[in-house]
Amino acid sequence: MQGELRIVLNGTSTPEIFHGCEVAKSVDTTGMACPYPSFESVKAMSLLNDDKANGCIEIITDSEESAFKSIPTICQKRKWQFLVFEEAKDLWRIRIRR
Amino acid sequence: MSQKREDQQEVHLVLASNDPGRAYSALVLALGTVTMGAKCKLYCTMGALDIVKKGGASKITMPGAPSLDKYLHDAISAGVQITACGPSKEMLIQMGVTPDSLERGVDFEDVIGFLNEALPASKKGGMVLFI
């Protein structure tokens with residue numbers, strides 16, 4: 001996917017760990033009001049089973065604030081790594097992993 | 001979903017109104033607080049008792065937002081501690097509040113109970129907000 005979509009925000013020093021990373025959970029927060037995009041992301045993070053610890057979570061959001069600020073903030077707070085991809089105009093796909 | 005740590009920051013909210021602008025703000029803050037990994041408590045008193053009565057939150061709406069009901073239940077299941085102030089039996093009766101009419105997951109608590117947790121929390125750097 002990295003080849004197809006443009007990375008607009010990089011929250012990892014090792015982006016290669018996202019290559020071929022299995023999506024263990026997917027969260028579509030399109031149309032959700034604040035703070036639901038972050039809230040649902042954290043919920044997915046806490047529900048990710050340990051046996052899937054190597055997988056990543058994919059979050060879709062149409063909120064610029066969530067894509068560039070809130071979700072990166074909660075990732076940094078919980079020491080998760082992230083990449084924000086531009087999916088379309090006003091639509092972002094975020095991949096996060098421990 | 002909030003992280004449990006000894007040094008966990010706490011946010012104690014007081015909501016005293018059923019006005020949608022205040023009630024939504026309180027629950028958005030509560031959800032935001034647990035999302036940030038802090039502990040949150042929401043103490044509902046006076047007009048806000050309408051929100052913690054069974055079915056009460058579903059009557060509070062705001063254009064473009066899901067009903068307050070969703071926020072309330074999401075907050076409860078995410079670990080936000082929600083309490084209802086019972087100033088006196090007579091006031092509760094007047095407001096139509098009984099232990100059976102409270103939303104599941106909401107407990108009665110008086111102002112001493114609230115302060116008993118809010119005072120130590122604020123002493124170690126927590127926030128107490130009146131909405």
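Two strands are taken to pair if DSSP finds at least two bridges between them. Helices (H or I, at least four residues) and strands (E, at least two) are DSSP runs, numbered from the N terminus. The structure is a predicted model, in which local features need pLDDT of at least 70 and side-chain atom pairs count only at pLDDT 80 or more, while totals for chains, interfaces and linings use all residues. Residues are numbered from 1 along each chain as its sequence is written, and chains are lettered from A and ligands numbered from 1 in the order in which they are written.

In chain A, strand 4 (residues 81-88) pairs with strand 5 in the antiparallel sense over seven bridges. These two strands form a hairpin with two residues between them, and Asp90(A) in the turn has a positive phi of about 60°. Ala88(A) stands opposite Leu91(A) of strand 5 in this pairing. Strand 5 of chain A also pairs with strand 3 (residues 56-61), again in the antiparallel sense, over five bridges. Here Ile60(A) stands opposite Arg93(A) in strand 5. A residue is called buried if 20 or more other C-beta atoms lie within 10 Å of its own, exposed if 12 or fewer, and partly exposed in between, with C-beta atoms placed from the backbone. Strand 5 (residues 91-97) of chain A is mostly covered, with five of its seven residues buried.

Chain A as a whole contains two helices and five strands, and its elements run β-β-α-β-α-β-β from the N terminus on. Its C-alpha atoms fill a box of roughly 30 × 30 × 20 Å along the principal axes. The radius of gyration is taken over C-alpha atoms, and the globule rule is 2.2 Å times the number of residues to the power 0.38. For 98 residues a compact globule would have a radius of gyration near 13 Å, and the 12 Å of chain A agrees with this. Buried residues make up 32% of the 98 residues in chain A. Two residues are in contact if their C-beta atoms, placed from the backbone, lie within 7 Å. Among contacts in chain A between residues at least 6 apart in sequence, 70% join residues at least 24 apart.

Chain B has five helices and five strands, in the order β-α-β-α-α-β-α-β-α-β from the N terminus on. The box filled by its C-alpha atoms is roughly 40 × 35 × 20 Å along the principal axes. With 131 residues, a compact globule would have a radius of gyration near 14 Å, and chain B agrees at 14 Å. Of these 131 residues, 34% count as buried. Residues 24 or more positions apart account for 75% of the contacts in chain B with a separation of 6 or more.

The contact between the chains takes 11 residues from chain A and eight residues from chain B. On the side of chain A that touches chain B, helix 1 (36-47) and helix 2 (64-77) of chain A each supply at least two residues. Helix 1 of chain A gives the most to this side, with five residues. By class, this side of chain A has six nonpolar, two polar and three charged residues, where Ala, Val, Leu, Ile, Met, Phe, Trp, Tyr, Cys and Pro count as nonpolar, Asp, Glu, Lys and Arg as charged, and the others, Gly among them, as polar.

A nonpolar core is a set of buried Ala, Val, Leu, Ile, Met, Phe, Trp, Tyr and Cys residues joined through C-beta atoms within 7 Å. Of the 51 residues in the largest such core, Leu13(B), Leu27(B), Ala30(B), Leu42(B) and Cys44(B) touch the most other members. Helix 1 (residues 20-35) of chain B provides the largest share of this core, seven residues. The buried residues of this helix include Ala23(B), Leu27(B), Ala30(B) and Val34(B). What covers the buried residues of helix 1 of chain B includes helix 1 and helix 2 of chain A, together with strand 1 (10-15) and strand 2 (39-44) of chain B. Not counting residues up to four places away in sequence, Ala30(B) touches Leu13(B), Cys40(B), Leu42(B), Ala75(B) and Val80(B). Helix 1 of chain B is followed by Gly37(B), whose phi is positive, near 85°.

Phe108(B) is found in strand 4 (residues 106-109) of chain B. Phe108(B) counts as partly exposed because it has 14 C-beta neighbours inside 10 Å.
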